[in-house]
Amino acid sequence: MGNTHASGDNYINHEKGLWSWLTTIDHKRIGLMYMIVILFFFLCGGIAAMLIRLELFASGPLFDGNTYNQILTYHGAIMVFMVIVPGIPAILGNFFLPIHIGAKDVAFPKLNLASWYVFMAGAILAISTLFTTKIDTGWTFYTPYSIKTGTAVVTMVMAAFIMGMSSILTGLNFIVTVHKLRAPGMTMGRIPLFVWAVYSTAILQVLATPVLGITLLLLAMERTLGVGIFDPARGGDPVLFQHFFWFYSHPAVYIMILPAMGIVSEIIAAFSRKTIFGYTAIAYSSLGIAAVSFFVWGHHMFVSGQSEIAGIVFSFLTMLVGVPTAIKMFNWLATMYRGSISFESPMLFAMGFLFLFAIGGVTGIMLATVGLDVHFHDTYFVVAHFHYVMVGGTLMALTGGLYYWFPKMFGKMFNEFWARISFVLIFIGFNVTFFPQFVLGAMGMPRRYADYVPAYESLNKISSIGAWTIGVGFLVALYVIIEGLMSKRIAPANPWGAKTLEWQVQSPPTHHNFEVEPVVTAGPYEYR
Amino acid sequence: MNWFLALMNTVAVNTASAAGKSFMPPVGTEIASDVDNLYSFLLWTSFLGCVILIGGMIFFAVKYKRRTDNDKTPYISHNMALEFLWSFIPLVLFLVVFAWGWKVYHDMRVMPENAFEIHVQAKQWQWDFMYKSGKVSTNDFFVPVGIPVKLVMASEDVLHSFYIPSMRIKQDVVPGRYTTLWFKADKTGDYQIFCTEYCGAAHSAMLAKMHVVPAPDFEKWLQENEEGLTLAQKGEKLYNSKGCIACHSTDGSVKVGPSWKGLWGSTGHTMANGKSVTVDENYIRESILNPNADIVKGFSAGLMPAQQGLLTEDQLTALIEYIKTLK
């Protein structure tokens, strides 16, 4: 690693050797350790995605039904539990949340390291099922199929349980850090919006994840001890499982997207050289989304057999979640108004986010409309919608965020040309993959189908070609990161001219982040 | 490259017809048109929303492109009027589509009184359609044109979901209870049926065809019945052979258990714990499979053996059909 500071000391070379990394309690190093493993899991989940699109390229079977179902289960489970849920908070949140508020570290550094080990234990357990009986339930583990199938459901739900524990610990750590470790003058009205987003997410992690843990434990009990909770053959109720599951998994959707919104706020302000429009509105809409998100889970269950009145109430509440989301979109737009906008790759990804999230958002409203959702439910329309939000939203923001903070994290500049190429491939590939899936869904193609009727073939071909384009795009992004790490292009402390605290310290930061405790006298986006 | 040409051809044809149909499947019933109208409204408002958001972003990006590294930008922290507008207008729009969606959903869910009833049984991986005449058909679903049809659906194993794209209706089929669905097919023809709830290895092969035929043809088809017994007659046989007859009369007289006469559809059926139920499929199902869950007022718990696991879904359906005939 290059030395970029006169003293030459930074968090990377502060201590040496593998052992110093495995026992580190430095939030920045822990963030990097998360980055390495999460990027690896992203590669695994991505390979599964490519296999799915290979099967669906043509009508007629390539894999048998069981194999296809296993591939789609691992794609979903790895991407949700091991990439998108932990992704932004664990990598970028760990690295930047303490620096953003002017702290030396998180509140509980040892707990932070423990979170990483707990996460790794869960992840290894999850991966271990690949070598026993591969699970085929889909990432949702719906009962009673998950009770009847002969695959490693218990191991997988225990893995998700353990990773959930890690998520709770990280969330707890962030909440306490934000409340107790802000530098003098760093009021709650002056913390960057990324911190607000990760903070709102942390509240969701702490409150919602235990419900998933309990649900998965009940499922494991039902499978191992034969307790009848969800299986109707034992007097249980399979729809109850769906209520429990979505009581976590809908807030989890916001665990996935809120931190992405935080990154977008940072990037748009920095590359527009303009103070963020509606700081308070964005901050409180994060909290608003977090709060309302607990009461909308039934919109996953409009045709599940829940009562008509439940369907209507959940449809109404879901519409309410749309409002703070719309507010954020308009705020970002207003931030660009009369800005001084430059288009380096992080900004391209942030704008890509706005583009794709707008489409993901309006199709979300269509799905919240109960009479229309009856037709769209469990078709490719839903698949397209949530990929627009999860990939077009979260992964675009994560990639943009990694480019944005790369100079700070490693003290090197990445190759801007190839970074832009990666954006073009991912953005175009994404639309080519998922836009046709809206059409397939409207035409009625059900999701989780290993094979389809011939009428759906041409659009599936287009979709598969798009998917492979995305795959190449992410490989180029990986190349950009690796090439950047090995390059000799030394990054200045503040390459983008941004105003938040992390850009006021050296690149990469020292072990303690700040040589002297900063005293904050202004907001995070004082471009004037 | 043949497939590529075919692909481009399809793209062109699809794009040409897109404006009219928005890619929704052919309309097979009135409600489907209601759904499509709602969809069109949402599609156009969404398009407008995306034009404002994405178009605005591109416009600002071009107009406010960085000129020099020392560009000064104004400090605009907020604007109450604007913020109110872009919260309030979306809220109103969302509430409009919510109410509209509610109306459509309500029409889908309120079962017409005079509907023709058909039992649907789902299992890995096939659909059985049982008619009151005793006719059973697998993966071929015959319905009369122009007559409302009500489906009473049960699953023998895991979750399934019954979906007819052209009718724009879908309902999960849940093991352990009955779910219902109704539609009125307006045009004769064949329509695709899918299973849309993941159910294992052959999920994507769990397909059926709906054949909408003129009423006289349907009547004729219905009468071609190999066993010669109607569902209710099968139920009556079970009533005798399974021993229900020992405790339940069909003439109104009270034996060990309540009589079945006049039971079906009665409201205000009072339980020992004071609550009052309406006798429908799910109530009878539970009373047979797990009789002690709810005891009718004036009778004792613990006398009837639970039938959970002892009766098949077919037998349950036949018994319920028999009870329905005891007016």
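Mentor: Helices here are DSSP runs of H or I with at least four residues, numbered from the N terminus. The model is predicted, with local features requiring pLDDT of at least 70 and side-chain atom pairs pLDDT 80 or more, while totals for chains, interfaces and linings use all residues. Residues are numbered from 1 along each chain as its sequence is written, and chains are lettered from A and ligands numbered from 1 in the order written.

At the interface, 76 residues of chain A are in contact with 74 residues of chain B (C-beta atoms, placed from the backbone, within 7 Å). Helix α10 (residues 308–336) of chain A contributes the most to the side of chain A that touches chain B, namely 14 residues. That side comprises 43 nonpolar, 23 polar and 10 charged residues (Ala, Val, Leu, Ile, Met, Phe, Trp, Tyr, Cys and Pro are nonpolar; Asp, Glu, Lys and Arg charged; the others, Gly among them, polar).

A:L354 shows such contacts in detail: beyond its neighbours within four places in sequence, A:L354 is in contact with A:M329 and A:W332, and also with B:L53 and B:M57. A:L354 is also, with A:V264, A:F353 and B:M153, among the residues touching the most other members of the largest nonpolar core, which has 255 residues. Such a core joins buried Ala, Val, Leu, Ile, Met, Phe, Trp, Tyr and Cys residues through C-beta atoms within 7 Å, buried meaning 20 or more other C-beta atoms within 10 Å of the residue's own. Helix α8 (residues 238–272) of chain A supplies the largest share of this core, 22 residues.

Finally, just after α14(A), A:G444 adopts a positive phi of about 105°.

Note on methods:
Contact = placed C-beta atoms within 7 Å. Helix = DSSP H or I, 4+ residues; strand = E, 2+ residues; numbered from the N terminus. Buried ≥ 20, exposed ≤ 12 C-beta atoms within 10 Å, placed from the backbone.
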